[in-house]
Amino acid sequence: MYKLSNVIVKPLQNFKYVKPVVMEYVLNGKRKTWNMLAVHKAVCILLYNSTREVMIFVKQFRPAVYINKIPEGDRVGVIDTEKYPINLGITIELCAGIVDKNVSLQQLAVEEIEEECNYKVSPNKLEKIITYRSEVTKLGSVQHLFYCEVTDEMKLNSAPQEEDLEVVEMSLSEVKEFISQRDCCTTPILLFSVIWFFNNKYKK
Ligand SMILES: Nc1ncnc2c1ncn2[C@@H]1O[C@H](COP(=O)(O)OP(=O)(O)O[C@H]2O[C@H](CO)[C@@H](O)[C@H](O)[C@H]2O)[C@@H](O)[C@H]1O
């Protein structure tokens, strides 16, 4: 389903989703500077379908993951996609989205679940797990993690709204196998939320 071509890497001219900034400060009497990226807040949701006992994740192509698999010398200008195929940048993640609207976090999570995974849930089905900080050296952004249990009855018949994203269902044994890999192309928050699930929701 994924096809990658015409890849070019160049310095960013217009900053829309990330803003590089430098902070100058004095800490314990010492002058310091720190480079960082100002980014949006986000919501992430661990989705569990209790009808079929599967977790629901999303699979997508992430340019930042792709570029970090390419040796530095080959990372500028036109990228050879024969040498560096698309699978280098494919991740499995939680359903997630940026906080870009003035509505409750639960409402934002509900909208992301519908757009990305095609389930209709009400905001009171969202259970807050934790608010944490992502990548504290260069981002430090606030992220909110929720848990949501869904059933097959809550699944919508319409086509998914996100075309570049594939919904992936994993049985609980597949999830355990997935997180046991030595090199797992996922996010720390997916790993954490799955462990949280086995400790708090599924004590069989
Ligand atoms: N850097 C970027 N450059 C260009 N376009 C961009 C962009 N960031 C977002 N976009 C655009 O904004 C859209 C909406 O983004 P989402 O709300 O789906 O967040 P995303 O899933 O990328 O990351 C969510 O999930 C991951 C983890 O899974 C979290 O780290 C993240 O904070 C959270 O928003 C994207 O489809 C894309 O078009």
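## A ligand shell, a cysteine pair and a helix face

Helices (H or I, at least four residues) and strands (E, at least two) are DSSP runs, numbered from the N terminus. The model is predicted: local features need pLDDT of at least 70, side-chain atom pairs count only at pLDDT 80 or more, and totals for chains, interfaces and linings use all residues. Residues are numbered from 1 along each chain as its sequence is written, and side-chain values use heavy atoms, with hydrogens and water left out.

### Around the ligand

The shell is made of Y17, A42, R62, E93, A96, G97, I98, E112, E116 and Q143; a residue is near a molecule if one of its heavy atoms lies within 4 Å of it. By class, four of these residues are nonpolar, two are polar and four are charged. Here Ala, Val, Leu, Ile, Met, Phe, Trp, Tyr, Cys and Pro count as nonpolar, Asp, Glu, Lys and Arg as charged, and the others, Gly among them, as polar. At least two shell residues come from each of strand 8 (95-98) and helix 2 (105-117).

| Residue | Protein atom | Distance to a ligand oxygen |
|---|---|---|
| E93 | side-chain N or O | 2.5 Å |
| I98 | polar backbone atom | 2.8 Å |
| Q143 | side-chain N or O | 3.0 Å |

Taken alone, the ligand exposes 710 Å², and the protein buries 57% of that. Accessible areas come from the Shrake-Rupley method with a 1.4 Å probe; for residues, only the protein chains shown count as cover.

Q143 sits in strand 10 (residues 141-150) and is buried, at 14% relative accessibility. Buried means under 20% relative accessible area, exposed over 50%, and partly exposed in between (1.4 Å probe, protein chains only). The side chain of Q143 also makes a polar contact, at 2.8 Å, with the side chain of Y132. A polar contact is a pair of N or O atoms within 3.5 Å; within protein, one must be able to donate a hydrogen and the other to accept it, and residues adjacent in sequence count only if both atoms are side-chain atoms.

### Two cysteines without a bond

There are zero disulfides in the structure, a disulfide being a pair of cysteine sulfur atoms within 2.5 Å. For C95, the closest cysteine sulfur is that of C117, 4.1 Å away and therefore too far for a bond. C95 is buried, with 0% relative accessibility, and C117 is buried too, with a relative accessible area of 1%.

### Two asparagines with positive phi

N6 has a phi near 50°, a positive value in a residue other than glycine. N6 lies in the segment before strand 1 (8-9) and is exposed, at 71% relative accessible area. N118, not a glycine either, has a positive phi of about 70°. N118 belongs to the loop between helix 2 and strand 9 (126-134), and with 7% relative accessibility N118 is buried.

### The faces of helix 3

In helix 3 (residues 172-179), the buried residues are L172, V175 and F178. Seen down the axis of helix 3, these fall within an arc of 115°, so they line one face of the helix; the arc is that of the directions from the helix axis to the C-beta atoms. The face turned away from the buried side of helix 3 carries the exposed residues S173 and E177.
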